[in-house]
Amino acid sequence: ISEANTRGHWAKNHKLHKDQNLLANLTTRAALAGLPKEHPFKKVDASINIKIIRVSAGTMDDDNVRGSSKWIRDGIADALAPGLAPGRADGLARFTWEYEQKKCKRGTARIEIILSLKGKV
């Protein structure tokens with residue numbers, strides 16, 4: 001959901017943010033765990049492109065897509081660069097972030113995450 005102009009109780013918002021962050025982190029860690037030990041994504045200095053695709057019946061403008069993905073972005077980055085303070089890894093220069101939207105039928109929604117190495121397909 002777009003949170004730019006949404007107001008609500010802080011506890012409800014905190015739970016939503018925490019859940020989004022945890023789900024993105026665990027999903028990314030599970031995907032990485034299935035890769036061989038020497039895979040480039042597991043290297044500390046790997047330059048990685050991360051594309052977050054919001055799939056929903058409605059659309060948002062670009063700044064709302066970015067804002068609504070903030071906690072997801074933090075969870076992904078924390079999984080790719082463990083050991084930093086929570087929420088700090090997404091600012092690393094080795095990560096490039098892209099955002100996109102796709103439409104789908106009402107009642108279904110999802111986030112797609114595409115990882116690729118910079119300069120490689």
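**Surface, fold and one serine**

A: The protein has an accessible surface of about 8000 Å², and carbon and sulfur atoms account for 56% of that. Areas come from the Shrake-Rupley method with a 1.4 Å probe, and for residues only the protein chains shown count as cover.

Q: What should I know about where the values come from?
A: This is a predicted model, so local features need pLDDT of at least 70 and side-chain atom pairs count only at pLDDT 80 or more, while totals for chains, interfaces and linings use all residues. Residues are numbered from 1 along each chain as its sequence is written, and side-chain values use heavy atoms, with hydrogens and water left out.

Q: What is the mean pLDDT of the protein?
A: The mean is 87, and 93% of the residues reach 70 or more; pLDDT is the predictor's confidence in each residue, from 0 to 100.

Q: Which elements have the lowest and highest mean pLDDT?
A: Strand β3 (residues 110-117) has the lowest at 82, and helix α3 (residues 70-80) the highest at 94.

Q: How many helices and strands are there?
A: There are 3 helices and 3 strands, in the sequence order α-β-α-α-β-β. They are DSSP runs numbered from the N terminus: helices are H or I with at least four residues, strands E with at least two.

Q: Which residues of α3 are buried?
A: Ile72, Arg73, Asp74, Gly75, Ile76, Ala77, Asp78, Ala79 and Leu80, which is 9 of the 11 residues in α3. Buried means under 20% relative accessible area, exposed over 50%, and partly exposed in between (1.4 Å probe, protein chains only).

Q: And what do they pack against?
A: The buried residues of α3 pack against α1 (10-33), β1 (48-56), β2 (95-103) and β3.

Q: Changing topic: where is serine 2?
A: Serine 2 sits in the segment before α1.

Q: Why does serine 2 count as partly exposed?
A: Because its relative accessibility is 23%.

Q: Which residues is serine 2 in contact with, leaving aside neighbours within four places in sequence?
A: Met60, Asn64 and Ser68; contact means heavy atoms within 4.5 Å. The C-alpha atoms of serine 2 and aspartate 63 are 9.5 Å apart, though 61 residues separate them along the chain.

Q: Back to the whole protein, what does its C-alpha trace span?
A: About 45 × 30 × 25 Å along the principal axes.

Q: And how much of the protein is buried?
A: Of its 121 residues, 34% count as buried.
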